[in-house]
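Visitor: I would like to learn how to read helix packing and sheet order in a model. Please take me through one case.

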Amino acid sequence: RQPSLDDSGLWREQALIAGQWRDSDAGGRCEVRNPASGALLGTVPDMGAAETCQAIDAAHAAFPAWAATTAKQRAQVLRRMHDLMMQHQHDLAVLMTAEQGKPLAEALGEVAYSASYFEWFGEQAKRMDGDTIPGHAGDKRLLTLRQPVGVVAAITPWNFPSAMLGRKLGPALAAGCTVVCKPALQTPFSALALGVIGERAGLPPGVLNIVTGADAPAIGAEMTSNPKVRKLGFTGSTAVGKQLMAQCATDLKRLSLELGGNAPFIVFDDADLDAAVAGAIASKFRNSGQTCVCANRLFVQAGVHDAFAEKLVAAVRALRVGDGLLDDTDQGPLIDAKALAKVEAHIADALAKGARIAIGGHRHALGGTFFEPTVLLDAGDDMLLAHEETFGPVAPLLRFETEDEVLRRANATPFGLAAYFYTRDLARSWRVSEALQAGMVGINTGLISTEVAPFGGVKQSGVGREGSKYGLDDYTELKYVCVGGV
Ligand code: ADP
């Protein structure tokens, strides 16, 4: 039932605590299914608060020694993690497609992307510099030190089962923090495989712990109430992020939150339409539309609206839906029945409010959670899909007339993660990128993610930045030291 891997040691059905691969205290297990077939893939331990506490104790015990290693030692381990991930890229991708559904080409890309965070932050570990500051008194000398925040708890979603962990583990381990992570129950195997990679790369026992279980609120409650945890890194829905932030308020834990988005994708009259269509396909239909930076609202200026719609529909017609492990698949299944129901509800709401289907709009003939790549015309700001992330393969086109109008409409959302626009006008590029209320802006591109740039949102899309030279800051404390009596 499990996917066939060249290195079967990467497949684990146990959790990792204190260097031990183990089951839950009570022996309960959770099933994990392949979203393309519904078939049982495997099971993982059903752990709760007790095992989470044990994992935190292990991370806490391992912290002093890991924090005391040199940056070069940590960098070497992280480099080995990167290299091992790339060596096993195909196995890790097959495993990911089996549990997550995305096409194998996308899974291969995600493994490389995830690995890049270990490489990047291993290099950054050596640049955890402090400052010397010209003193305010003749007999004093001032300096700053950067120190790891301590035990980090990481909660990650199912849409990027490896990369969302890589983004947190890379900087945390580089800074000298130890980690307890909880992957989404739909996709635990990519996370557990990273545990194997970490072990093989030389992470000491307890530095990386992985807890699996069905009761996410219980695991999250232990992570947020246990005083040994000093920081929480979370990627997931805004609702859960807010709840975790409130829980972390009790003892003021540090927080990084990467939450939902509602990305506008704006096509101006002067855009290169073919490039805009290619960007829209990449941004909207990648991972079946299940990414937090997916274009959610496609605003198209009146002068090019019909031409853009025609080209987009032609491109969408060419997308091949199927099992992600098959060579010619462009779009896999949705993750589960709940995701399918949300897509259907958004389309039904849009149709009731006057939208029209240009292509798609229904469950796919393959059954299960497969859905047809869809383009909707005449979408409006009053529709559900303009307010919430659809998280599915639905591209709603909203017509607009002027730059001022589209900026007002694009910003009329409590979210602010990614935004995209297509134009050939240099002055407009500046104006619009400055005016968009988003943490990340793509101009003439639908793909912006890289480990070397800061990823994160404004407004209700989150707190903090992952990746880039800034990404280590979220996992370090800046300590000021004042030397007197000089
Ligand atoms: P999605 O709807 O995309 O699954 P969630 O925010 O529900 O997004 O899930 C993201 C991650 O947060 C998953 O690992 C999930 O198990 C976890 N999670 C969900 N609810 C809670 C909670 N109350 N406390 C801690 N973690 C949670």
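**Helices, then sheets**

Guide: The axes of helix α3 (residues 89-100) and helix α4 (residues 104-125) come within 8 Å and cross at roughly 120 degrees. This is a predicted model, where local features need pLDDT of at least 70, side-chain atom pairs count only at pLDDT 80 or more, and totals for chains, interfaces and linings use all residues. Residues are numbered from 1 along each chain as its sequence is written.

Visitor: How are two packed helices described?

Guide: By the angle between their axes and the distance between the axes. Axes are lines fitted to C-alpha atoms, for helices over the stretch in contact, and angles run from 0 to 180 degrees between N-to-C directions. Helices (H or I, at least four residues) and strands (E, at least two) are DSSP runs, numbered from the N terminus.

Visitor: How are α3 and α4 oriented to each other?

Guide: They are oblique. Angles under 35 degrees count as roughly parallel, over 145 as roughly antiparallel, 65 to 115 as roughly perpendicular and the rest as oblique. The crossing of α3 and α4 is right-handed; that is, the near helix is turned clockwise from the far one by less than a right angle.

Visitor: Which residues make the contact?

Guide: From α3 come Gln89, Leu92, Ala93, Val94, Met96 and Thr97; from α4 come Leu104, Ala107, Leu108, Glu110, Val111 and Ala112. Contact requires C-beta atoms, placed from the backbone, within 7 Å. By class, the α3 contact with α4 has nine nonpolar, two polar and one charged residues. Here Ala, Val, Leu, Ile, Met, Phe, Trp, Tyr, Cys and Pro count as nonpolar, Asp, Glu, Lys and Arg as charged, and the others, Gly among them, as polar.

Visitor: At what angle do α1 and α7 pack?

Guide: Helix α1 (residues 49-67) and helix α7 (residues 216-225) pack at about 35 degrees, axes 8 Å apart. Their crossing is right-handed. Ala49, Thr52 and Cys53 of α1 meet Ala218, Ile219, Ala221, Glu222 and Met223 of α7.

Visitor: Now sheets. How do strands of a sheet pair?

Guide: Through backbone hydrogen bonds, either parallel or antiparallel. Two strands pair if DSSP finds at least two bridges between them. Two bridges link β5 to β6 (residues 141-148), and Thr132 stands opposite Leu143 in β6.

Visitor: In what order do the strands of the seven-stranded sheet run?

Guide: The order is β14-β15-β16-β13-β12-β18-β19, an open sheet with mixed pairing. The edges are β14 (356-359) and β19 (440-443). Neighbouring strands are turned by 25 degrees against each other on average, direction ignored. Strands β13 (residues 295-301) and β16 (residues 394-400) run parallel, joined by four bridges. Gln301 has Phe400 in β16 as its bridge partner. Helix α9 (residues 273-285) packs on this sheet, touching β12 (263-267), β13, β16 and β18 (418-422).

Methods. Two residues are in contact if their C-beta atoms, placed from the backbone, lie within 7 Å.
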